[in-house]
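Dear colleague,

I am passing on the structure below for you to look over.

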There are 2 protein chains.
Amino acid sequence: MRLSRAFQPMLKETPAEAQIVSHRLMLRAGLVRQTASGIYAWLPAGLRVLNNIARIVREEQDRIGAQEVLMPTLQSAELWKRSGRYDAYGPEMLRIRDRHERDLLYGPTNEEMITDLFGGAVKSYRELPQTLYHVQWKFRDEIRPRFGVMRGREFLMKDAYSFDSSYEGAVASYRRQMLAYLRSFQRMGVRAVPMVADTGPIGGDLSHEFLILAPTGESGVFYDASLEEQDWLAQSVDLDDEASLEAFFGRVTGSYAATDEMHDATKWETVPAERRREGRGIEVGHIFYFGTKYTESMGISVSGADGAPFFPQMGSYGVGISRLVGAIIEASHDDAGIIWPEQVAPWRAAILNLKPGDQATDAICETLYASAPDALVYDDRADRAGVKFNDADLMGHPLQLIVGPRGAAAGRVEVKRRATGERSEMSLDEALALIASGT
Amino acid sequence: MRLSRAFQPMLKETPAEAQIVSHRLMLRAGLVRQTASGIYAWLPAGLRVLNNIARIVREEQDRIGAQEVLMPTLQSAELWKRSGRYDAYGPEMLRIRDRHERDLLYGPTNEEMITDLFGGAVKSYRELPQTLYHVQWKFRDEIRPRFGVMRGREFLMKDAYSFDSSYEGAVASYRRQMLAYLRSFQRMGVRAVPMVADTGPIGGDLSHEFLILAPTGESGVFYDASLEEQDWLAQSVDLDDEASLEAFFGRVTGSYAATDEMHDATKWETVPAERRREGRGIEVGHIFYFGTKYTESMGISVSGADGAPFFPQMGSYGVGISRLVGAIIEASHDDAGIIWPEQVAPWRAAILNLKPGDQATDAICETLYASAPDALVYDDRADRAGVKFNDADLMGHPLQLIVGPRGAAAGRVEVKRRATGERSEMSLDEALALIASGT
């Protein structure tokens, strides 16, 4: 993308309405604009981050055999009356009446709809297990939307739903999701620690929240440092083998981790002092086993091996895709701006042309840009070098390829790594190789 | 995808509520399920088609320099009051009130919002032209939704908006979109003929509808056969050169094409009889120049070269992404089912295992499937051969790779091309090469 022609508005002033750093930086760097209270439009740079996050989540869902569908945003009230949640859900549900006076709602979640779709399609235990997911906009009419996309009203979520024949099968589905989640967050370049969450009336230990560590987090967190140190991508887990899944799950739950709500001071004492970590966290995912709650209330059964109908066991698994954009910034920024982890960055690198119009400078910049125009942003604007340095730091590109007349005359490119500030000089060929390798 | 484990429900009976063939086939082949009147959930196979169509549209928008954004589904009524359309829009607009009694609406289109976003970001003629697009769900509260996704209420649309300094610039933007549209539809494997459309009070000749020819189309169409014969992908058009764009546009508009509403019998007489084509068409796109209608009514100006503010010239450009899934089926099917054009097909080929459990048959099928599991559907179900043949025809995969015990023993695969019914036999290696090449 050529910045001179891009729809990439940046703000010099700090927007007064933004209380937290991610909200300020998302507005200043031109990632989003608010269009109504708690409702945002995604500009090109922000959309690229959103898509990168969604792509990673999809790849990890596909990897564990979940199948993607796409449910609509609006749902019939009838569906929610069948589960009993229509009246139970509070004012956060946006209720709508259409021209024929039929009651609709903007889906805040999809348990009812997926259970109904499942029931219309799956008739026998032989077709189980099934895990279905979708990535779709949801709406929750928050009384006081704030913190930008972190607590917006219209938000993008991945929600998956598993259907199993038995409790043991449901546990295996849950553990596969645990792995998919840990891998997804690690691939995004952040650490999200799974913490036991309240399971409500269902009980058991099969509910976990995933929290990204950031000082502005809404929850206090206590966890064993070993949870941050594990490389989930390197773990070999056989997805079809319950024993392998159980061993993996043990490695996760064997270390203490809890939010302040669930904190157990006695257990905490058993964690060696040097491994105790306290801080704050932002919830970006939640996985949950809830058994036959919806299949039973909605009357969705399938026939078992003995011919008798039974209610499949379910779990649901959510990731806040749009929220993650803000959460990653909360965890990864400095005074100058965003520091995008490579895997979610809107562009791999920015090319900073320090003197547009200078023939040698332009030539090197164009050669760099032509090598991967879709993955690079080229700052070809007629602005001062200082503006370009500041904007590149603000936008958080992992690499800055800086080309001025002096370097260009010598065929040299200066490279700055945003995360470390480290600078080095290299030949054009080396810079091209760097772009191609991406690291 | 292994069919034995897939969420791929097929219906044996023809659904009574479906009046047209695409609706029947989409339900029978398990592409969608209705969840409320005129509202559909997309199952895995349908979603793959929807994504293929959206991908082609995006690639062609990107190719002409349009930039992707993502606006929310819900909009503030205030925005529409500024343009004067809030009261003018009829009952097709879904009006919503939130918990604070503020008026929202589910966006049926985005002229107001994009104009507002543009105004907040672009201040000078130097930043023009700009074309922004998004692919987002829209809602129109049709009084009588029907024909499945062809006339649904919640539908997926690509809408683009151009902003130019001058009428000439706006015309160039319009012509670039004309090219992007012709290329997009051709890449989808269908012919959509551009027809002059009514421009309403603005006048001029800068409004075209694109109609896919199908007997069930809602409009009568009259056109010169030459419009079907041109290969738009082969045309070399310089997108930055107004003369090149004009010449291209002349090749499009030089041939007669009109819907019955705009038909001119006198002009029709001038088309040589052997090139006259009459039929019916389904509207799948609409491009429109409307000048300063929204920039002026909403007070969005930018500063010109002389420092004086002016209202940018706009156009809007829509493609009905979800509607296209139905329209393509209307144009491409037979009595046995869907005939997917390769480029939009959910999977490139189906592998039909005629005897699961037979060692040689299973081995060949697994080898084929392992070569491209994401692009293939493997019918490994314990069903009779006849069921598999029927389901593969119904689902419309471009290629069927048929493996039975006799062929497997000889290392042979039978290949059926869905579009022509042509059958041939080949070695496993040849079949693998066919999968890799895709044609």
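**The contact between the chains**

About 4,400 Å² is buried between chain A and chain B, with carbon and sulfur atoms giving 61% of that area (buried area being the accessible area, with a 1.4 Å probe, that two parts lose on being put together, summed over both). On the chain A side, the residues that lose the most area to chain B are Phe7(A), Leu70(A) and Arg99(A), which together make up 17% of what that side buries.

This is a predicted model, in which local features need pLDDT of at least 70 and side-chain atom pairs count only at pLDDT 80 or more, while totals for chains, interfaces and linings use all residues. Residues are numbered from 1 along each chain as its sequence is written, chains are lettered from A and ligands numbered from 1 in the order in which they are written, and side-chain values use heavy atoms, with hydrogens and water left out.

Chain A brings 53 residues to the contact and chain B brings 52 residues, where contact means heavy atoms within 4.5 Å. Between the two chains there are 2 salt bridges (a side-chain nitrogen of Lys or Arg within 4 Å of a carboxyl oxygen of Asp or Glu); Arg153(B) forms a salt bridge with Asp98(A), and their closest N and O atoms are 2.8 Å apart.

Over all chains, a search of the whole structure finds 0 disulfides, a disulfide being a pair of cysteine sulfur atoms within 2.5 Å. Cys365(A) counts as buried because its relative accessibility is 0%, the cut-off for buried being under 20% relative accessible area (1.4 Å probe, protein chains only).

Best wishes

Definitions and conventions
Buried < 20%, exposed > 50% of the residue type's maximum accessible area, 1.4 Å probe, protein only.
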